[in-house]
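Hello,

I am handing over the structure below. My notes on it follow.

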Amino acid sequence: MESTAPVEAGETYDVTIEDIAREGDGIARVSGFVIFVPGTSVGDEVTIKVTKVMRKFAFGEVAE
């Protein structure tokens with residue numbers, strides 16, 4: 001199955017949290033692609049590791 005996501009599970013990316021989802025997760029974007037990052041706040045500049053890539057969005061965590 002071809003993924004059109006600009007991010008890949010297991011990879012790390014430097015992002016800025018732009019928004020907060022209803023569930024409270026931070027929202028970052030890479031090339032317009034939404035990544036949910038729990039435990040972050042708007043304006044946070046963090047390095048994240050993508051944990052799961054879905055068709056329209058991905059999940060990540062703050063990289064240690």
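Which residue in β6 is the bridge partner of F36? The bridge partner is F59. Please note that this is a predicted model.

First, its pairing. β4 and strand β6 (residues 57–62) run parallel and share three bridges. With strand β3 (residues 26–30), β4 pairs in the antiparallel sense, through five bridges. One of the residues involved is I35 of β4, the bridge partner of A28. β3 and β4 make a hairpin, with two residues between them. S31 lies in that turn and has a positive phi of about 55 degrees.

Next, the side chains. F33, I35 and V37 point one way from the strand. V34 and F36 point the other way. In general, side chains of a regular strand alternate between the two faces of the sheet.

Last, the annotation. An unreviewed UniProt entry lists "domain: TRAM" for residues 6–64. Over residues 6–64, the chain is 54% strand and 0% helix. The end C-alpha atoms of that stretch are 22 Å apart.

Best regards

Definitions and conventions. Residues numbered from 1 in each chain as written. Predicted model: local features only at pLDDT ≥ 70, side-chain atom pairs only at ≥ 80, totals over all residues. Heavy atoms only, no water. Buried < 20%, exposed > 50% of the residue type's maximum accessible area, 1.4 Å probe, protein only. Helix = DSSP H or I, 4+ residues; strand = E, 2+ residues; numbered from the N terminus. Pairing = 2+ DSSP bridges. UniProt positions renumbered as here; feature names shortened; annotations may be inferred.
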